[in-house]
Amino acid sequence: MNEFFQAFSDMFSFENVKWDVVWEATVDTIYMTAIATFFTLIIGLVLGIILFLSDKSDNTGSQPVYGVTAFLVNLFRAIPFIILIILLIPFTKAIMGTIMGVQGALPALIIGASPFYARLVEIGLKEIDKGVIEAAESMGANTWTIIWKVLIPESMPALISGITVTAIMLVGSTAIAGVIGAGGLGNLAYMVGFTRNQSDVTLVATIVILIIVFIIQFAGDFLAKAVDKR
């Protein structure tokens, strides 16, 4: 019992916490999350639109496009993130010049999250009333006009909710990447908190991660409600 209370006391002592190091790790986590979310938004949106348009099209050439895109999306969604990081080491080294630190984590974060968001985009687009799309087509709107004037505006709440969920997932992924040297709060919690048995450092890193997640969720919910016309 005394050992339990001692461990509990050590966790809340914060005597091992170096706040400048915590701040630096927090900035790294926010940077990785922000950059990865930005590129995931673009790539996932493009893939999701391709999936939606090629699936609903009657053109014979559309089905192979859908099949290949769906296969790639499903493939990368199925690979556990920690394994994806390892598989992408040669690719990461080639384009980033390093496999360590914040920069080394970005390719795996983006490639791992984009297929996930692509499926959320596809689901959001399928929720659009078909009558709205048919009305635009009947007025002679081309594919680009339908994408920019119909699909994206009509599915905006779902797109925002989807990228919110994806950004929160990316925060967790940065923590996993931190375990193998990517920096950020995950690296701080593992390399300092766990390996040195400094539970107060692990607690602080966890609390900061939770705060980041709560802020992302609040901002995403606010924006989704703001653009929802229903």
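1. The side chains of Lys 126 and Asp 55 form a salt bridge, with an N to O distance of 3.7 Å; the term denotes a side-chain nitrogen of Lys or Arg within 4 Å of a carboxyl oxygen of Asp or Glu. This pair links distant parts of the chain, Lys 126 being in helix H6 and Asp 55 in helix H2, 71 residues apart. Lys 126 is partly exposed at 48% relative accessibility, and Asp 55 is partly exposed at 31%. Here buried means under 20% relative accessible area, exposed over 50%, and partly exposed in between, with a 1.4 Å probe and protein chains only.

2. On provenance: the model is predicted, local features need pLDDT of at least 70, side-chain atom pairs count only at pLDDT 80 or more, and totals for chains, interfaces and linings use all residues. Residues are numbered from 1 along each chain as its sequence is written, and side-chain values use heavy atoms, with hydrogens and water left out.

3. The structure holds three salt bridges. Within helix H6, Arg 119 pairs with Glu 122, the closest N and O atoms being 2.6 Å apart; these two residues are three apart, about one turn of the helix. Arg 119 is buried at 13% relative accessibility, and Glu 122 is buried at 4%. Glu 122 also meets Lys 126 in a salt bridge of 3.3 Å, N to O. Because Glu 122 and Lys 126 are four residues apart in helix H6, about one helical turn separates them. Through shared partners, the salt bridges join Asp 55, Arg 119, Glu 122 and Lys 126 into one network.

4. Helix H6 covers residues 101-126; at 1.5 Å a residue its 26 residues should span 38 Å, and the end C-alpha atoms are 39 Å apart, which agrees. The expected span is 1.5 Å times one less than the number of residues. A kink of about 25° lies at Ser 114, shortly before Pro 115; the bend is the angle between axes fitted to the seven residues ending at a residue and the seven starting there. Of the 26 residues of H6, 19 are buried, so the helix is largely enclosed by the rest of the structure.

5. Overall, the protein has 11 helices and zero strands; helices (H or I, at least four residues) and strands (E, at least two) are DSSP runs numbered from the N terminus. The C-alpha atoms fill a box of roughly 75 × 40 × 30 Å along the principal axes. Of the 230 residues, 40% count as buried.

6. The largest nonpolar core has 18 residues, and those with the most contacts inside it include Val 22, Val 171, Leu 185 and Ile 216. Such a core is a set of buried Ala, Val, Leu, Ile, Met, Phe, Trp, Tyr and Cys residues joined through side-chain atoms within 4.5 Å. H2, H9, H10 and helix H11 (199-227) each give two or more residues to this core, with H11 giving the most, eight residues.

7. Ile 30 lies in helix H2 (residues 19-56) and is partly exposed, with a relative accessible area of 43%. Ile 30 and Leu 185 are 155 residues apart in sequence, yet 9.5 Å apart in space, C-alpha to C-alpha.
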